[in-house]
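Please open the model in the viewer and display the side chains.

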Amino acid sequence: MDDQCDRCGICCKLFFINLNEEEYISGSYKTMNQVYGPVDNFEDAELCGANILETKEDNDCIYLKGIECSIHNDRPEACRDFFCRSKDPKWKRMIDMINEAKSKQ
């Protein structure tokens with residue numbers, strides 16, 4: 001299927017994840033707030049990147065454990081919308097980056 005996650009973890013290593021307003025305001029996710037300090041207004045958070053999921057020192061998503069997402073069932077909308085096997089042209093560049101990373105493994 002083109003709408004299933006391969007659960008390889010590569011996208012969690014390559015891309016920053018922007019939370020939508022509802023996700024950001026919920027406080028359910030660790031975000032770059034640790035870097036920027038609390039930003040209450042979502043528009044301001046978007047401008048400075050405070051709505052991006054926190055990353056580890058190596059820039060992997062904070063929720064990546066090994067090659068698996070530790071919050072897969074509750075992952076943000078941006079993660080649920082993207083599939084590395086999608087045929088949708090809007091994902092082509094990202095899919096190409098993932099395939100290139102896979103070929104180097």
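Begin by selecting Lys92 and Asp96, whose side chains meet in a salt bridge at 2.7 Å, N to O; a salt bridge here is a side-chain nitrogen of Lys or Arg within 4 Å of a carboxyl oxygen of Asp or Glu. Both residues lie in helix 6 (residues 92-103), 4 residues apart, about one turn of the helix. Asp96 is partly exposed, with a relative accessible area of 38% (buried is under 20%, exposed over 50%, partly exposed in between, with a 1.4 Å probe and protein chains only).

This is a predicted model, in which local features need pLDDT of at least 70 and side-chain atom pairs pLDDT 80 or more, while totals for chains, interfaces and linings use all residues. Residues are numbered from 1 along each chain as its sequence is written, and side-chain values use heavy atoms, without hydrogens and water.

Next, select Lys104 and Glu100, which form a salt bridge at 3.2 Å, N to O. Lys104 is exposed at 65% relative accessible area, whereas Glu100 is partly exposed at 45%.

Then select Lys13 and Asp60, a salt bridge with its closest N and O atoms 3.2 Å apart. This pair links distant parts of the chain, 47 residues apart: Lys13 is in helix 1 (residues 11-14), and Asp60 is in the loop between helix 4 (42-48) and strand 1 (64-65). Lys13 is partly exposed at 37%, but Asp60 is buried at 9%.

Finally, display the whole chain, which has 6 helices and 2 strands (DSSP runs of H or I, at least four residues, and of E, at least two, numbered from the N terminus). The search of the whole structure finds 3 salt bridges.
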